[in-house]
Amino acid sequence: MCLPARNEGPTIEAIVREAVRLDVVSEVVVLDDGSSDDTAARAVRAGARVVSEASVLPEAGPGSGKGNAMWKSLHACTGDVICWIDADLRNFHGEYIERLCAPLLAHPDIMFVKAYFTRSFEGAPTGGGRVTELVARPLLSLLFPKLADIVQPLGGEYAARRRALEVLPFVEGWGVELGLLVDVVERFGRDAVAQVDLDVREHRNRPLEDLGPQALAVMATALRRAGLLPEGSSPVVELLRAAPDGTIAAQPVEVRERPPIITMPAYRARFSPPR
């Protein structure tokens, strides 16, 4: 189990304590992505192995965002099955991991398992997942209709086989979930992806103005996967916002990608022969 985390002190400890007691989990790794709070100390206290993002594959050069941390977690973790859980969950239960890993343990042809759930919003039992409903789902309907049955394409709780993950690129920022989903299906087929029900997901809801960059990253990833962005297009796109006075502010959004980690010599040295 791996938790990519940045400044998740309020929730990380409870998640780790619940995870380390499970028989199905051989290790709990927190990939600390430059936290400035007590995330690392709380995770260690709860029983996790904490790995700094900057310490993993430094020869690959600098990166940023959740996808970069997940890519590096392939090198930091040792299991043949990796389960990622968002570190800001407020209602985490150990059975989440058991449910996510069950299809992989029971069916050798399953490569990737996505969670689906109801997303709470500001105390209400439903209403979360605004980027999913307004951006990701319409994009999948238009560009990848065979993935329209994926209930939570942007959900951060999923598990996969190492041998599938290590041959795929990882979008560094917010596009990582959509990119992995499309790439797994492209490489291994739709039947290689399973879904499991995790009931209700409670986590930190971002203000609406914070969701624009995430939405743009998801759009850029989908367009690139559909061949509608040219090869070699910029690794950074800009979100342009117009103010009432007519001025325009540009916010850079990271959409660069890490190559399949199997191409990294240090990774091949650690995990050879291929699993």
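**Reading a predicted fold: a guided tour**

Visitor: Happy to. In which strand does aspartate 199 lie?

Guide: Aspartate 199 belongs to strand β8, which covers residues 193-201.

Visitor: And which residues does aspartate 199 touch, not counting those up to four places away in sequence?

Guide: Its contacts on that count are Arg99, Tyr116, Phe117 and Thr118. For aspartate 199 and tyrosine 96, the separation is 103 residues in sequence, while their C-alpha atoms are 9.4 Å apart.

Visitor: How do I read that for the whole chain? What share of contacts between residues at least 6 apart in sequence join residues at least 24 apart?

Guide: In this chain the share is 72%. The secondary structure behind it comprises nine helices and eleven strands. The chain has a radius of gyration of 18 Å, close to the 19 Å that the globule rule gives for 275 residues, so it is as compact as a globular protein of that length. Along the principal axes, the C-alpha trace spans about 55 × 40 × 35 Å.

Visitor: Next, burial. How many of the 275 residues, as a percentage, count as buried?

Guide: The figure is 50%. As for the surface, the chain exposes about 12400 Å², and carbon and sulfur atoms supply 55% of that area.

Visitor: How should I look at burial along a helix?

Guide: Begin with the general idea: an α-helix has 3.6 residues a turn, so residues three or four places apart point the same way. Now take α1, residues 9-20, where the buried residues are Gly9, Thr11, Ile12, Glu13, Ile15, Val16 and Ala19. Among the elements covering them are β1 (2-5), β2, α2 (39-46) and α4 (95-106). From first C-alpha to last, the twelve residues of α1 reach 17 Å, close to the expected 16 Å.

Visitor: Is helix α3 mostly covered or mostly open?

Guide: Mostly covered: of the eleven residues in α3 (66-76), ten are buried. They include Trp71, Lys72 and His75.

Visitor: Which residues have the most contacts inside the largest nonpolar core?

Guide: They are Leu74, Trp84, Phe112, Leu147, Phe170, Leu180 and Val218, within a core of 45 residues. At least two core residues come from each of β2 (29-32), α3, β4 (81-84), α5 (130-143), β6 (158-161), α7 (176-188) and α8 (211-225). Helix α7 gives the largest share, seven residues. Apart from this core lies another, of 32 residues, with Val16, Tyr96, Ala115 and Ala159 among them.

Visitor: One last feature. How many disulfides does the structure hold?

Guide: In general terms, a disulfide is a covalent bond between the sulfur atoms of two cysteines. Here there are zero.

Terms used
Residues numbered from 1 in each chain as written. Predicted model: local features only at pLDDT ≥ 70, side-chain atom pairs only at ≥ 80, totals over all residues. Heavy atoms only, no water. Buried < 20%, exposed > 50% of the residue type's maximum accessible area, 1.4 Å probe, protein only. Helix = DSSP H or I, 4+ residues; strand = E, 2+ residues; numbered from the N terminus. Core = buried A, V, L, I, M, F, W, Y, C linked by side-chain atoms within 4.5 Å. Disulfide = S-S within 2.5 Å. Rg over C-alpha atoms; globule rule 2.2 N^0.38 Å. Contact = heavy atoms within 4.5 Å. Areas by Shrake-Rupley, 256 points an atom, 1.4 Å probe, with all protein chains shown as cover. Expected span 1.5 Å × (residues − 1).
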